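Subject: Structure for you to look over

Hello,

I am passing on the structure we spoke about, with notes on what turned up in it. Please read the notes with the structure open beside them.

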There are 2 protein chains.
Amino acid sequence: MRHRGALVSMLVNGNQSDRVPVTDRGFQYGDGLFETLAVENGEPEFFSRHLERLRIGCERLAIEFPGNEILEKEAAQICKTVESGILKIIVTRGSGSRGYRIPENARPTRVLSISPRPSFPDDLQAQGIRAVLCRTRLGINPSLAGLKHLNRLEQIIGRSEWNSPEIQEGLMLDSDGNVIEGTMSNLFLVRNGSLITPDLSRCGVAGIMRGLVLEFGRDGGIKIQVERVSVAELEDADEVFLTNSVIGIWPLAELGKIKYEIGPVSRRIMQWLAERKH
Amino acid sequence: MRHRGALVSMLVNGNQSDRVPVTDRGFQYGDGLFETLAVENGEPEFFSRHLERLRIGCERLAIEFPGNEILEKEAAQICKTVESGILKIIVTRGSGSRGYRIPENARPTRVLSISPRPSFPDDLQAQGIRAVLCRTRLGINPSLAGLKHLNRLEQIIGRSEWNSPEIQEGLMLDSDGNVIEGTMSNLFLVRNGSLITPDLSRCGVAGIMRGLVLEFGRDGGIKIQVERVSVAELEDADEVFLTNSVIGIWPLAELGKIKYEIGPVSRRIMQWLAERKH
């Protein structure tokens, strides 16, 4: 994270602060949502898409959406001091009395923070990454599916399954054994030139980069299927890549003992994304 | 909550405070556990059992357990000012850098707080409560099953399905349709004099009061089955009751259109609990 000027690294409801009340339902129950955005040249990437996902997430959880205007203003305030970094926006239901019942008139809490971009080796895009298949499964819950909510214990347990720095990601199945996503990324398969990505109507996080790739595929005339994906289909895919707002696109080179080529469809999409961002 | 002396209502890592860092993984990801205890005459009820569950939960999530000694000391400090109330203990993994990976050397955060006992009408134990069957399902995840962890969005969405003060609880099924528990309670059925409670090896919270009732049943020669329970079995039960550390035991009188008697087994267990607490 390269700084330009005085650092404001965190805003809680618009005030410089690094604390939240214990009574905040984000802390009590994980009752909230978040967004993680890449920041380049002081600008959060694909910001309007993140805001729109956050708005929809708030609507689904019946959390009052703080509004684009205030989030844009605070993001600008916090991003202007850095050239490159990660902007994280958390919106929770705010404070309330004890119990799961949604409090009437709860005022949402918004937290914006900026942190350094993770340092991944440069050759991961060129050479592809290594992943493992996690034993930890994702529970099925259509009420929460697609949301980037604050209940992330499944991902934490999944991520704890490997320690080797040679492994960049773990892929997770749902409790029925369908392939869903990585602990911090979405997943695409290429089969006979078609793009396939798991259906996220029962679990998983519908990532912004996933949405962009789907749009690109549609606009670019690539056949796309959003469907249930089995482990056998994953293993038999011609190409596999992962998407995430911070890393962009990572081709998958190895999944356990299985090796994949970085094929033409993955290259075309990486090329398109690189152009789109410049 | 009747007070005796100066009120210390919240301790964060032993200090009077009502705030936690934004970077706490409890806030970021719901990465922690909690316990809710009834306090009577300044004493938390069944404290050693709650501490033991918390210790086991920490072990399962690889969170460093703060230890009985410090939790007992802080609980005494916070409880001595009230006669009656609810003690809540939260333990999180503490602060860490961005990402799901468990930070090395993370220091757990402990938060103890006291709040008033909820006021339920006195006749709920005598007359039984009304419940609904929630549409929201519980995801299946053996890694988290049984734990009272901080990822509680499923319970919040379940609890949001009714507003009527005439309804005290909502019962939840897992994603396969098995009956599991209430949003804030465990569930027991009585059939032909036997006690039946749902198996919680795939989802649900293994409550302290549930454990006490199971022990009582075993000691008292009541036949007990811990097993998968279908909606039909729930509907056909002779008696049904709910358990929770704060409410104790609530007989179920109505589930939607189905009515239950408060039968001899429920009465025997309520009687036993009343004696045990005095």
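In this predicted model, chain A has an open sheet of six strands, in the order β2-β1-β7-β6-β4-β5, and the strands pair in the antiparallel sense. The edges of that sheet are β2 (15-16) and β5 (43-44) of chain A; each has a single partner strand, so one side of each has no neighbour in the sheet.

How are the two chains related?

Next, the interface. The size of an interface is often given as the accessible area lost when the parts come together. Here the area buried between chain A and chain B is about 4600 Å², and carbon and sulfur atoms give 64% of that area. On the chain A side, the residues that lose the most area to chain B are A:F27, A:Y100 and A:L153, which together make up 18% of what that side buries. The contact involves 55 residues from chain A and 55 residues from chain B.

Which kinds of polar pairing cross the interface? There are 19 residue pairs in polar contact between chain A and chain B, counting pairs with both residues at pLDDT 80 or more. Salt bridges across the interface of chain A and chain B number zero by the rule used.

Several elements of chain A give two or more residues to the side that touches chain B, among them β1 (10-12), α1 (25-29), β4 (32-40) and β6 (84-92). The most comes from α5(A), with six residues. Sorted by class, this side of chain A has 23 nonpolar, 19 polar and 13 charged residues.

The two chains also meet strand to strand. β3(A) and strand β3 (residues 19-21) of chain B run antiparallel and are joined by three bridges. A:V20 has B:V20 as its bridge partner in β3(B).

Last, the salt bridges. Side chains of opposite charge can pair when their charged atoms come close. Over all chains the count is 36 salt bridges. One of them is between the side chains of A:R202 and A:D176, at 3.0 Å from N to O. This pair links distant parts of the chain, 26 residues apart: A:R202 is in the loop between β12 (194-198) and α6 (208-219) of chain A, and A:D176 is in the loop between β9 (169-173) and β10 (179-182) of chain A.

Regards

Key. Residues numbered from 1 in each chain as written. Chains lettered and ligands numbered in written order. Predicted model: local features only at pLDDT ≥ 70, side-chain atom pairs only at ≥ 80, totals over all residues. Heavy atoms only, no water. Contact = heavy atoms within 4.5 Å. Buried area = accessible area lost by both parts, 1.4 Å probe. Salt bridge = Lys/Arg side-chain N within 4 Å of Asp/Glu carboxyl O. Polar contact = N/O pair within 3.5 Å; in protein donor to acceptor, adjacent residues only side chain to side chain. Helix = DSSP H or I, 4+ residues; strand = E, 2+ residues; numbered from the N terminus. Nonpolar A, V, L, I, M, F, W, Y, C, P; charged D, E, K, R; others polar. Pairing = 2+ DSSP bridges.
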